[in-house]
Amino acid sequence: MRKLKTSPLFLKLTSYSLGLTFVRNHVTNVFVLQIAQTFGLNTVELGGMLSARFVAQIFVPLVMGRVADLIGKKKVLALAFILEILGTLMMAVSPTIGWYIAGVLVQGSGNGCVSVSLTPALADAYPDKATKLLSLQQAFGSTIGIISPLIINAVTKATGGTWREALLVADVLIIVPLIFTCFAEFATVQIKDTSVKRTSLKEMLRVLNNGALIFAAISITFYCAMDNTYVSYVSMFFRDALSAEDIGAVALSVHSACYAISRFLTGFVKPQWEKKVSVICLIINAAAFILITTLTSIPVALAFCAVISLSAGPVFTLLMGYAAKSDPENSATATSIMVVGNGIGGAGGAFLAGVVADIWNVEWAFIMLGVFSVVSVITYIISRKIDEKRKAAKLAA
C-alpha cells in the first residue's frame, strides 16, 4: 500500500535546480584540453582522467540505492550534493593529477547518489507523470547548457581566468539544489512486509532477477558509453578532424540546445510509443556518428552534431523512467542498476575513445561510438521483449 507524502513545489524545484550542476560538467567539457595540458596528459591518460568520474558510479549506486529505499531518498540526495560540492572544490584547487582524480571520484560518488534518489523520488510521488517530469528535469539542465559553454569560454577569455576559477563559480551554484533539498518533503512508500528491510540483500537479489531490467542496464551502458564520451571528445574532434578547436564550445551549445528540445518532447511520448521512439533514435544516432567522420565542412558537421544530440536525447530519459517505475517498493534499487550501467559505460567509453584516438585518430573513436549505439538498440529490444513476456505471464496467471 502506497502512502505518499510530498511537498510538490520543493520536490520539483529540487529536480529542476539539478540543472545548475550541469554548468560544472560543461566547465570540464569546455576546458578538457587545457586541463590535460595543465597536468601534461597524453590522449590515453586524458581518457583515463575522463573515465574516473564514472568509476565511482559503478560501485556507489548499488549501495546507496538500497540505502535510499531503506532510510529515505531525501537524506541520500542531501549527501549527494554535499559530495558534489566537496569533489568540485578538490578539483578546482588540485595541485596534481592524483588530487584532481580524487576530486572527480568524490564528485562522481555524489552524482551517483543523485541518480538513485531524485529520479525514484519523482516516480514515488508522481508514478503516472514520472517520465514527463524526468524529461523536464533533463530539458532544464540542457537549456542551461545551451549558453553556459559560450559564457564560460567568453568570460574566462575576457578576465584571464582559467578552468580552476570557472569550477569554483560552478561549485557555488550547486548550493542552490542543496538548499531546495533541505526544504523538500519527499514521497514515502510504506511496505506492508517490513521483513524486506531486514533482508535487504535478499530483496536486492530479487530485483536483480528481473531480466528485462538487466538488459535495459546493458543497453544504457552502451548508450552512456556513446553519449558521455561524445560530449567529452567533441572539442577534440573539431580540433583534430576539422582544425577548428574554438568550435568545440559551439558544438557543446548545439548539443545542449538539441538535448533541451528532444528531452522536453520526450515527456509527451505515450508509453506505447516508447519502444519505437528509442529504437528509431538509436539507429539514427549510429548512422550520424559514422557519417560525421566523412565531413570536411564545419557548418555541416555542426548540423550532424545536432542530429546526434536530438537522437540521443530521449533514450536516457525513457530508460531511467522505466527502471524507476519497474518496482515501486524498490524504485531506488532498480534505478541504481541503471546508474551502474551509466558508470561502466561512461568510464569504459571515455577510456576506449582515448586509446582509439591515440592509436588511429578521433574519427575512428566516433565510429566506435556509432557501434555502441547499435549494441544499445539490440539489447534494448531484447529488454522490451522480456518485459512483454513477463507481463503476459502475469496476466495469464
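Trainee: Which residues in α13 meet which residues in α15?

Mentor: In this predicted model, where local features need pLDDT of at least 70, side-chain atom pairs count only at pLDDT 80 or more, and totals for chains, interfaces and linings use all residues, Tyr223, Met226, Tyr230 and Phe237 in α13 meet Leu282, Asn285, Phe289 and Ile292 in α15, contact being heavy atoms within 4.5 Å. Residues are numbered from 1 along each chain as its sequence is written, and side-chain values use heavy atoms, with hydrogens and water left out.

Trainee: What makes α13 roughly parallel to α15?

Mentor: The axes of helix α13 (residues 211-240) and α15 cross at roughly 30 degrees and come within 13 Å. That makes the two helices, α13 and α15, roughly parallel, since angles under 35 degrees count as roughly parallel, over 145 as roughly antiparallel, 65 to 115 as roughly perpendicular and the rest as oblique. Axes here are lines fitted to C-alpha atoms, for helices over the stretch in contact, and angles run from 0 to 180 degrees between N-to-C directions. The helices themselves are DSSP runs (H or I, at least four residues), numbered from the N terminus.

Trainee: Why are α15 and α18 called roughly antiparallel?

Mentor: Helix α15 (residues 274-292) and helix α18 (residues 362-396) pack at an angle of about 165 degrees, with their axes 7 Å apart, and α15 and α18 are therefore roughly antiparallel to each other.

Trainee: Which residues of α15 and α18 meet?

Mentor: Among them are Ser278, Leu282 and Phe289 in α15, and Phe366, Val377 and Tyr380 in α18.
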